Amino acid sequence: MTSVTRLFIDSTRALKMWRVWTYLGVQDIKAKFHRSFFGPLWIVLTTGFFVTGVGLIYGLLFGQPVHEFLPYLACGFALWGFIVASITDASATFVRAEGYIKQFSYPKQIYLLRTLISSVIVLLIGIAVVIPVQLFFNEITPLGWLYALPGLALLIMAALGHIAISAYLGARFRDFPHAMAVMLQMMFFITPIMFPIKLLHEKGLGFIYQFNPLYYLIDVVRHPIIQGELALPENYLYAGAYVLATWVAALLVAYKLDSRVVFLL
Amino acid sequence: MTRASLILKNVDITFEGALSSEEGLKSWLKRKLLTRNVDTATNYRIEALKGINLEINHGERVGLIGLNGAGKSTLLKVMADIYPPTAGSVSIKGHVCPMFEFATGFEMNQSGWDNIRIRGLLLGMSADAIEEKLPEIAAFTELGDFLDYPVRTYSSGMFIRLAFAVSTSINPEILLIDEVMGAGDISFAEKAKRRMFEFMEQGKILVFTTHNFNLLNDFCTRTVWLHKGQIVADGPTDEIVKRYNEEHTNAQ
C-alpha cells in the first residue's frame, strides 16, 4: 500500500467517523470553559470589549461613522480569530492527541476534524455577536447573512487546509506555532480588519490588501454580512484559488509526514 | 464470520532522529544548509525491529517474551497499526483492540463518564452501544461518585480501573495486551484478572507480552521469543520457555 492510497483511505475513514470527531470537538469547547462562570459567553465578551474599545477609538481616529464601523469590526475580528486559531492553535492538534495516537489505531485525520469543529463553534458564536451590534444600529440585512454562506464554506475549507498543514508541521517543528504567531501578528496590521479598505485606496496603498490572500477569505464572508450583497465575483475566485493552494500544500505535508507523526510525538 | 489474521512480512522498525536538544528549526536549517553529511554524533538510529516474519491465524494465542527493550511493545504497536513499518508489510484482518498504556489518553478536565464515552468511541463502539453499556462499565470500575469528577482528580489506580473497564467491555477480534496484569489494588487486581481471562477467551486472536510464565502456560500454545528486535525462536510455549530459562540462567 503506497502512502498516497493509505492517506486517501484514512481520510475517508476519518470522515465517516463523524460521531467521534464532533464529540471530541464539542468536548474541547466544554473543557475550555470548564468551571468558568461565563462559559462560552467569554467569546461574546472578548469580541464585545474589543469592538467597543477599539471601535470607538479607531472610529474617531479614522473618522468612520460608528454605525458602519462597529459591525464591520466585530465581523472582521471574529473571522480573523478563526483564521489565527486554524494556524496557531491547530499546530498542537497531534501533540495534544498524543495519548490517543499512541494507543488507538485510528486515522489521524479525525484529530484535524476535531480541531476544525471546535474552531468553527467558536467562530459561529463570535460572528453571532455581529447580530446584536447590527440590530442596535438598525443596520441588519437578513439576506446578507444568507449571501455569506458560500464565503463561509470557502473560509472553513481553507481553515481545514491550514489545520492540516499546521498539525503536521507543528508536530515536526516545535518552533512552528511561535513563528506563525509572529507572522500572523504582522499580518493583522496589514489585513483590513481594524480599518476599512477605502482608506487604503485613498492613500494609494491598495496593494496592501490586494496581495493578501487572507483579505479575500475575510471579505467573502464579511462583505455580504455588512453590505447585504454578494462580494465581488473575483474575490470568490481568489479565495477559491487560495483554498486549492492550501489543500495541495496540506496533501504534500501529509504525504511527507503522516507515517512519521507517531514517532515525532 | 470473518477469519481474523495477522501477517507480518520482513518488517523493520527504525527509530531515527536527532537528540532532543537538536530538534529545533535551527538545527534543521543547519543540517539542510550548512552540512551535506549528517553529523552522526547528534543523531540516533535504533533498529527496534529487524526482519520480522510472523503469521498468526484465527484462534491462535501467542505470548511474546524477551528482555526489556527487546522490541515486544514495538511489535505489538506494529500489529495494532499504530507504528507504520519502516520496511516490509503488515496485513491485519479483523478489528484490533489494543490494551497498552492505561495511564494516558484521558481528557483531564472532563468527568469519568465523558472519558468512558471518548474511549469507547475510539475503540470503535457506536454511541448507542456505549450508552447501553455505560452502567455496566461504571459498575465494573467501582468508582461510584468519582465518575462525576474530572479525571485529573484521579489516582493512577483509578485511571487504570476506568481504562480497563472500557477496553474489556468491547467484543474483541484481535486482542493485543501489553503487560497490564498488575492493574490496581488487590481487590481490583483479582477482579481484573478474572475479567481478563474471560476477555482473552473471547478474542479470536490474542497476542500478549509478559514476564509471567505461569500465565504464558495457561493461555498460550505458541510463544515468540524476541531478542534485540529479532525473533530468536517461535514455537510451542513449554519448549520456548524452557530454552529461554536455560539461556538466561546460564548467563548468570
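Close-up 1: A:F38 is partly exposed, because its relative accessible area is 38% (buried means under 20%, exposed over 50%, partly exposed in between, with a 1.4 Å probe and protein chains only). This is a predicted model, in which local features need pLDDT of at least 70 and side-chain atom pairs count only at pLDDT 80 or more. Residues are numbered from 1 along each chain as its sequence is written, and chains are lettered from A in the order in which they are written. You will find A:F38 in the loop between α2 (18-32) and α3 (41-61) of chain A; helices are DSSP runs (H or I) of at least four residues, numbered from the N terminus.

**Close-up 2: A stacked pair in chain A.** The structure holds 23 aromatic pairs over all chains. In one, the ring centres of A:F50 and A:F77 are 3.9 Å apart and the planes meet at 15°, so this pair is stacked. Rings of Phe, Tyr and Trp (its six-membered ring) pair if their centres lie within 6.5 Å; planes under 30 degrees apart count as stacked, over 60 as edge-to-face and the rest as tilted. Here A:F50 in helix α3 and A:F77 in helix α4 (residues 66-87) link distant parts of the chain, 27 residues apart. A:F50 is buried, with a relative accessible area of 17%.

**Close-up 3: A tilted pair in chain B.** The rings of B:Y154 and B:F159 have centres 6.0 Å apart and planes at 45°, so they count as tilted. Both B:Y154 and B:F159 are buried.

Note on methods. Heavy atoms only, no water. Helix = DSSP H or I, 4+ residues; strand = E, 2+ residues; numbered from the N terminus.
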